[in-house]
Amino acid sequence: MASVTDIESVLKEKRVFPCDPAFAARAHVKSADEYEALYRRSTEDPGAFWAEVGRELSWFEEPIRTLEWNCPDAKWFVGGKLNVSSNCLDRHLTTVRRNQAAIIWEGEPGDTRVLTYQMLHSEVCRFAAALKRIGVHKGDRVAIYLPMIPEAAIAMLACARLGATHSVVFGGFSAEALRDRINDAQARFVITADGGWRRGAVVALKDAVDEAVEETPSVERVVVVKRTGTPVKMNRRRDLWWDELVAGVPAACEAEPVDSEHPLFILYTSGTTGKPKGVVHSTAGYLAHVQVTTKLVFDLKDEDIYWCTADIGWVTGHSYVVYGPLANGATTLMYEGAPNQPQPDRFWEIIERYKVNVLYTAPTAIRTFTRWGDEWPQKHDLSSLRLLGTVGEPINPEAWTWYRRVIGGNRCPIVDTWWQTETGGILISPLPGAVPAKPGSCTKPFPGIVPEVVNRDGKPAATNDGGYLVIKQPWPGMLRTVWGDHARFVKEYWSQVPGMYFTGDGARRDEDGYFWVMGRIDDVVNVSGHRLGTMEIESALVSHACVTEAAVVGRPDEIKGEALAAFVTLAAGTRADDALRKELREHVGKEIGAFAKPDDIRFTEALPKTRSGKIMRRLLRDLAAGKESVGDTTTLEDFSVLAKLREEDE
Ligand code: WTA
C-alpha cells in the first residue's frame, strides 16, 4: 500500500463555478445555507434525518427503529417489511405516473421500446410468476448475465418481487469469471440472452453461460432472452426461452414482503486479493439511500428524461439506471450499445431525439468524446439538457470544463459524484442548486454522510494534506457483508482505521471543506471506469503455463484514466516475444474479460522485492509511468533487478 506521503495532489485547480440562480430557484435544495442547515441537522440527529427519508418508502409494515449499530454491523429500519419492486412499480400505479414512461430503451441497431409504469409492472409480474413456476423462491440466488435490454431491469425487479437475491454479472466478463461468481453465490438460476449488440457485432453471452455452467453444480435452469436471433444451443433439460416461459402466464404476482435487512442483491467487485468479493446490499436501507440521492443529486423533476449511461452490470447501473430512478417514478433511458455506433455522435443524437434532461456518465467516456472532437456534439441540439453528472474516477479539470462547455452549453451544473460499489449510493457530491462546483472536486458530503480524511492512526489530516478517506458514521446504503466471508468484510473495511469505514481512496479536504479524491491507495485500478484488482490480473497471468510470476500496476492513461502494465517473469526456456505477449493478453481476456487485458506486458528476469518478499509496486508504478524512480530503494532485496528492469526499459 502506498504511504500517505505518496498521496500528493497535483491538482492546482482554483476555479469556482457558482450555482446558477435560475437553476437554484427551482431546485429541491435551493441555496448553500439551505444545504448547510440540512447537513447540520442530518449529522446532529442522523436517526431523525434517515427516519424521514425512510418514510418516503412504501411499507407493508413500518419499521420500529431507524438504526441498530453494533460496529461494523448495521441494521436499518429495523422491523420494517417492504418490497423493492412494489416501491419501484406498484406505488406509482395509483398516481398519474402509471401512464408515464418508466423505461425508454434503444437498441444499438436502432430498435426502440417504451415501457410505461403499467406496462413494466405487467412484465415484471408476469416474469416473476413464471420464475416462481420453475421454482425460484425467496432467498434463492439468481445470476443475471444480460446485455442492456429492458429484460435486464425486468429480471432484477422480478427477483426483488419474489425476495430472490440477484447477482448481476457484467456481460463483458468471461465464462470463467461468470462461473466463479455463480459458484460463490451458489446461484440456482441464470438469466441470459442469445446475444447482445456491441459495435455492430453480437456478444455471445449464451456460449459463455454454456461454458460456465459446465462447472456450476448449483445451477438448475437457464432462462434465455431472444435478443439477436443468433442460433444458440439449447439444453432441453436445463434451458428455457424467456418468451416461451412467460407465454400464457397471467401478469399477476403479489410482491413478497421481506424484512428491511433482506439481501436485495450481491454484486461482485475487485479488491486487493485475487478473489472478487460479493458485496451484499440490503433492501430498505439501500432503497432509501438510492431514492433520496437520485432525487436530490440529480434534482429530479417529474417531467425529466434521465439518462445514466452505465451498464446494468455495475453498481451505477443498479442504483442509478434501475432502482433510484424507478423508486422516484422517473423516466429512465437505457441504451444497449457503443457510443460510436454507427458514428461518434450516437449519444448526442439520442439526447436530441428523446430530449434528455439529465445525463450521468463517466470521465473516461468524456475524455474519449473530447478526443473524437467537438464537431460530433455540435451537430446536435443539446438544449434539453439541464444537468450533467460524472462518476467512476476523478475527473481532470480539462475534461470537466469541456463537458460543461460543449455538452452543457455553459448552462448545466455538473455533479461529480463520489461513491463505490460498497457504499450502495452516492456519498459525496454537490447538490446542484446549493453547492458551487470546483472542477475535479466531488465537493461536499450528502446529508447524513460524515466523511473525513485521516492519517494512518485515524487522526484527521490537516487542511489540504493528503490522507485516507474514511466514513465515520453508518449510512443506510452501506454494504452489510461480503457474501460468505464476514471476516473479510470486517478486515477490509472496518479494521484499517478502527471504528471507521475505510474506502481505500486517498483524498484531501480543502479550506472550504471540499473533498478532492485522488484515487485508490490500494492495489485497485480504475481502467475506463472498470474497477479491477491488480491481484486478480496477476492470478490470471500466473495461471498461464509459461508465467512464473507477475506484477500488475496501473499507469496514467489520457483516455482510460489508468492503463494496466504487467511485469512478467517466465518459466525457464520460454521465448519472450510478441506472440507470447498476445497470447497472455488473450489468456487474461479468457480468465476475466477483454476489458482486463494488460495494455503493456514487460518480460523481466525477476521482480524487485523487499527483504520480506513483497513486490515493490511503487517502483514498478514509476517504471510503468516512465518516471525515474525517486523513492527509497534501500529495502530492495536485489538492486540488480531494478537495474535490469531499467535496462529492459531502454
Ligand atoms: C472511484 C463506482 C473520484 C474511487 C460508483 C472509488 C471516484 C471507486 C469517483 C469505486 C469520483 C468513483 N471521483 N473517484 N466522483 N467515483 N471513484 O466500486 O476510487 O466501481 O473508490 O463504484 O471509483 O468504484 P466502483
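1. Asp299 is buried, with a relative accessible area of 2%, where buried means under 20% relative accessible area, exposed over 50% and partly exposed in between, for a 1.4 Å probe and protein chains only. The residue sits in the loop between α10 (284-297) and β16 (305-308), and its phi is near 45°, a positive value in a residue other than glycine. Helices (H or I, at least four residues) and strands (E, at least two) are DSSP runs, numbered from the N terminus.

2. On provenance, this is a predicted model, in which local features need pLDDT of at least 70 and side-chain atom pairs count only at pLDDT 80 or more, while totals for chains, interfaces and linings use all residues. Residues are numbered from 1 along each chain as its sequence is written, and side-chain values use heavy atoms, with hydrogens and water left out.

3. Further backbone features deserve a check. Lys355, in the loop between α12 and β18 (358-361), has a positive phi of about 55° although it is not a glycine, and Lys355 is exposed, with a relative accessible area of 52%. Cis peptide bonds join Cys71 to Pro72, with omega about 5°, and Gln341 to Pro342, with omega about 0°. Pro72 belongs to the loop between β1 (65-70) and β2 (73-78), and Pro342 to the loop between β17 (331-335) and α12 (346-354). For context, most residues other than glycine have a negative phi, and most peptide bonds are trans.

4. The structure holds 56 salt bridges, a salt bridge being a side-chain nitrogen of Lys or Arg within 4 Å of a carboxyl oxygen of Asp or Glu. One of them pairs Lys444 with Glu36, the closest N and O atoms being 3.1 Å apart. Because Lys444 lies in the loop between β20 (414-416) and β21 (451-454) and Glu36 in helix α2, the pair ties together parts that are 408 residues apart in sequence. Lys444 is buried at 14% relative accessible area, whereas Glu36 is partly exposed at 30%.

5. Arg353 and Glu106 also meet in a salt bridge through their side chains (2.8 Å, N to O), linking helix α12 to strand β4 (residues 101-106) across 247 residues. Arg353 is partly exposed, with a relative accessible area of 39%, while Glu106 is buried, with 2%. Both belong to a network of salt bridges that links Glu106, Arg346, Glu349 and Arg353.

6. A local case is the salt bridge between the side chains of Arg488 and Glu492 (2.9 Å, N to O). The two residues are four apart in helix α16 (residues 486-494), so they are separated by about one helical turn. Arg488 is buried at 10% relative accessible area, and Glu492 is buried at 12%.

7. Arg404, in helix α15 (residues 397-407), is buried yet has no salt bridge, and the nearest side chain of opposite charge, Asp20, is 7.9 Å away. In this count Lys and Arg are positive and Asp and Glu negative, with His and the chain ends not counted. Leaving aside residues up to four places away in sequence, Arg404 touches Phe17, Gly409, Asn410, Cys412 and Ile414, contact meaning heavy atoms within 4.5 Å.
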